Amino acid sequence: MNTPLFASLAIALTGLLAQAAHAEPAPSAALKSGKQVYNETCFACHDSGVAQAPRFRNKADWAPLIEEGQGILTAHAWVGVRAMPAKGGKPELRLTEFARAVAYMASQSGGDWKDPDARMMKKIRHEAEERLEKSIKEMQAMKKELHRLNETDD
Ligand code: HEC
């Protein structure tokens, strides 16, 4: 096979593989590490403590959070809490990647947290679901109130 043809085939194949990778959800081996996610996304607020974000490697900031436990803290942060945007403001982040970032931050800030295993991921999903259900109920109550106000015109 002549070299230029081979090169262009290789390029075409690489493109196809890249497309396939884009269409399919990435296998877990291809997921980003907690450190990568932290550096790319969370760092923006958690390095300096923007809007009271708990600061990376600040044990005093992290002690009460670590106390909450990995399942609960990760789920609440993923759903979003006060000035902490849901998914760290990065919608394309997978839950596992987000959870790894939380574990990385906690492990560098006085906690003994590891990358979540299947059991921990199940717990995080369960906690996140409960948190979301609670928010949905609160919003439905607000909607009801709005309709009632509409009817009485005030
Ligand atoms: C735009 C700024 C911003 C970005 C980006 C951000 N955070 Fe936060 N985060 C905050 C703020 C502010 C708080 C404190 C919220 C509060 O307690 O009022 C917070 C709190 C947290 C908490 C504690 C939640 C709790 O229950 O108190 C965790 C865990 C967390 N962030 C993880 C992350 C991870 C992981 C990322 C990256 C994927 C990230 N954050 C990206 C602003 C940010």
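1. His-126 lies in helix α6. Helices here are DSSP runs of H or I of at least four residues, strands are E runs of at least two, and both are numbered from the N terminus. His-126 is exposed, because 12 other C-beta atoms lie within 10 Å. The cut-offs, with C-beta atoms placed from the backbone: buried at 20 or more other C-beta atoms within 10 Å, exposed at 12 or fewer, partly exposed in between.

2. A word on the basis. This is a predicted model: local features need pLDDT of at least 70, side-chain atom pairs count only at pLDDT 80 or more, and totals for chains, interfaces and linings use all residues. Residues are numbered from 1 along each chain as its sequence is written.

3. Overall make-up. The protein chain has 6 helices and 0 strands. Along the sequence the pattern reads α-α-α-α-α-α. Of its 154 residues, 22% count as buried. Among contacts with a separation of 6 or more, 67% come from residues 24 or more positions apart. A contact means two C-beta atoms, placed from the backbone, within 7 Å.

4. The core. The largest nonpolar core has 22 residues, and those with the most contacts inside it are Phe-98, Ala-101, Val-102 and Met-105. Two or more residues each come from α2 (34–46), α4 (70–79), α5 (95–107) and α6 (118–152). Helix α5 gives the most, with 8 residues. Such a core is a set of buried Ala, Val, Leu, Ile, Met, Phe, Trp, Tyr and Cys residues joined through C-beta atoms within 7 Å. Not counting residues up to four places away in sequence, Met-105 touches Tyr-38, Cys-42, His-46 and Phe-56.

5. Packing of α2 on α5. The two axes come within 9 Å and cross at roughly 75 degrees. The helices are therefore roughly perpendicular to each other. Axes are lines fitted to C-alpha atoms, for helices over the stretch in contact, and angles run from 0 to 180 degrees between N-to-C directions. Under 35 degrees counts as roughly parallel, over 145 as roughly antiparallel, 65 to 115 as roughly perpendicular, and the rest as oblique. From α2 the contact uses Gly-34, Lys-35, Val-37, Tyr-38, Cys-42 and His-46; from α5 it uses Glu-97, Phe-98, Arg-100, Ala-101, Ala-103, Tyr-104 and Met-105. By class, that is 8 nonpolar, 2 polar and 3 charged residues. Asp, Glu, Lys and Arg count as charged; Ala, Val, Leu, Ile, Met, Phe, Trp, Tyr, Cys and Pro as nonpolar; the others, Gly among them, as polar.

6. Packing of α4 on α5. Here the axes come within 10 Å and cross at roughly 120 degrees. That makes α4 oblique to α5. The contact is formed by Gln-70, Leu-73, Thr-74, Ala-77 and Trp-78 of α4 with Leu-95, Phe-98, Ala-99, Val-102 and Ala-103 of α5. These residues divide into 8 nonpolar, 2 polar and no charged.

7. Helix α3 (residues 59–68) is hardly covered: of its 10 residues, the buried count is 1. Just after α3, Gly-69 takes a positive phi of about 100 degrees. Gly-49 sits in the loop between α2 and α3. Gly-49 counts as partly exposed, because it has 13 C-beta neighbours inside 10 Å. The C-alpha atoms of Gly-49 and Asp-61, 12 residues apart along the chain, are separated by 9.6 Å.
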